[in-house]
Amino acid sequence: MTAFGTVFMPEMITSEYNGTQWSQPAVVPSDSLTLHPGAHVFHYASTCFEGLKAFRHEDGSINIFRLDQNIRRMAQSTRLLALPEVDQALLEQMILEITERFAGDVPEPPGSMYIRPTHIGTEAAIGKAAAPSTTSLLYVLLSPVGDYFSGGSGTLRLLLQEEGMRCAPHMGEVKSGGNYASALPSILQARAEVKADQVLFCPHGEVQETGAANFLLFDGDEVITKSLDSTLLHGVTRNSVLQLARDMGMSVQERDLTVAELLERAAKPGCEAALSGTAAVLAPVGTLIHQGKEHRVGNGEPGELTTRLRGMMNDIQWGRAEDPHGWLTRVV
Ligand SMILES: *Cc1c(COP(=O)(O)O)cnc(C)c1O
């Protein structure tokens, strides 16, 4: 099987901001872009992106999950990076148009079409380290993806890291390229030294998130996850899973969680932990590594609640269950 996100539809949709207005969206080949090597994005990281998915239902319709939330977050990332303001209606139109164009290529469940809107500063001006790009390019790539769990449904090993942080604390809520590069040295070191799958960043002993997913703890009828602030990405999956947990009558606690409390709770039988994000929905965490010691979460196996909540999300996404919160947008 090919790695997630390495296959692309042959065309994408683009719109350029010329300093005054957005151009009419154009469908163009997706294998290349022509940019000046001095473009702002290459030097000063004026770039943000989104990740959302379209799903094929049994009736043949194609439906995008939480389109509005992802568009809103893209507009917010754009503002926090001082890129030219995104026209949200235009972006919605672009996503719908390119998804409709490749509707026939949206994989059957358990696959889906991953949608990657991207916004970059294009002005050729290497003197603008302290000034925004006046021009930009918005484009939407499509990548058909298979079952995230096809490699087996094992559990993840996370290294709890209390020193350093994933990215600058005022940038955590921005889905921007530089944040991922800044987290990489920690992740590579954790892989090499303790065979961790991911680093759970816990600056000053407070549990935050991993390099590209939010962290949730399930203990009895309690769900505990960090409350939203500028230091972490405000995941749409996190928000959706918390809503379903509330619907089930669970006690949802968005609050600070210390490493000490996490390790104490994780040791209890029946405790579960998971990472949330668009790619996997919920991925079970089996082991927490802290100061050279390995701690199993519950019995170390994928938890019942994690599996159940992921199933509930998948059922809504694939049209097998009601969509009580109106999370799907029908494309065709
Ligand atoms: C994208 C992302 C998430 C998950 O967000 P979703 O909207 O659920 O896909 C979490 N953390 C980081 C750092 C991310 O980039």
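Predicted model: local features only at pLDDT ≥ 70, side-chain atom pairs only at ≥ 80, totals over all residues.
Over the face of which residue does Arg310 lie?

View 1. Arg310 lies over the face of Phe149, at 3.9 Å from the ring centre.

**View 2. The aromatic pair of Phe49 and Tyr180.** Six aromatic pairs are found when the whole structure is searched, and one of them joins Phe49 to Tyr180 in a tilted arrangement, with 5.5 Å from centre to centre and 55° between the planes. The two partners come from distant parts of the chain, since Phe49 belongs to strand β3 (residues 47-49) and Tyr180 to helix α4 (residues 177-194), 131 residues apart. With a relative accessible area of 13%, Phe49 is buried.

**View 3. The aromatic pair of Phe55 and Trp318.** Here the geometry is edge-to-face, with the ring centres of Phe55 and Trp318 at 6.3 Å and an angle of 80° between the planes. This pair also links distant parts of the chain: Phe55 is in strand β4 (residues 52-56), whereas Trp318 is in the loop between α7 (304-317) and β16 (328-330), 263 residues apart. Both partners count as buried, Phe55 at 2% relative accessibility and Trp318 at 10%.

**View 4. The largest pocket and its lining.** The largest pocket has a volume of about 1,100 Å³, and it is lined by 44 residues, of which Tyr148, Gln198, Ala212, Ala213 and Ala279 are the closest to its centre. At least two residues of the lining are supplied by each of β6 (112-121), β7 (136-145), α4, α5 (236-247), β13 (272-277) and β14 (281-290), and the largest share, five residues, comes from α4. Sorted by class, the lining holds 21 nonpolar, 16 polar and seven charged residues.

**View 5. Cysteines without a disulfide partner.** The structure holds zero disulfides, and two of its cysteines illustrate the spacing of the sulfur atoms.

View 6. Most residues other than glycine have a negative phi, and most peptide bonds are trans. Against that background, the peptide bond from Pro109 to Pro110 is cis, with omega near 10°, and Pro110 is placed in the loop between α3 (88-101) and β6. Ala82, in the loop between α2 (67-80) and α3, has a positive phi near 60° although this residue is not a glycine, and Ala82 is partly exposed, with a relative accessible area of 45%. Gln291 is another residue other than glycine with a positive phi, of about 50°, and its place is in the loop between β14 and β15 (293-296). With a relative accessible area of 71%, Gln291 is exposed.

Conventions:
Residues numbered from 1 in each chain as written. Heavy atoms only, no water. Phe/Tyr/Trp six-rings, centres within 6.5 Å; stacked < 30°, edge-to-face > 60°. Helix = DSSP H or I, 4+ residues; strand = E, 2+ residues; numbered from the N terminus. Buried < 20%, exposed > 50% of the residue type's maximum accessible area, 1.4 Å probe, protein only. Lys NZ or Arg CZ within 6 Å of the ring centre and 35° of its normal. 1 Å grid on protein atoms, 1.4 Å probe; cavity = no way out; pocket = protein on both sides within 12 Å on 5 of 7 lines; lining within 4 Å. Points joined across faces, edges and corners; volume = space filled by probe spheres on them. Nonpolar A, V, L, I, M, F, W, Y, C, P; charged D, E, K, R; others polar. Disulfide = S-S within 2.5 Å.
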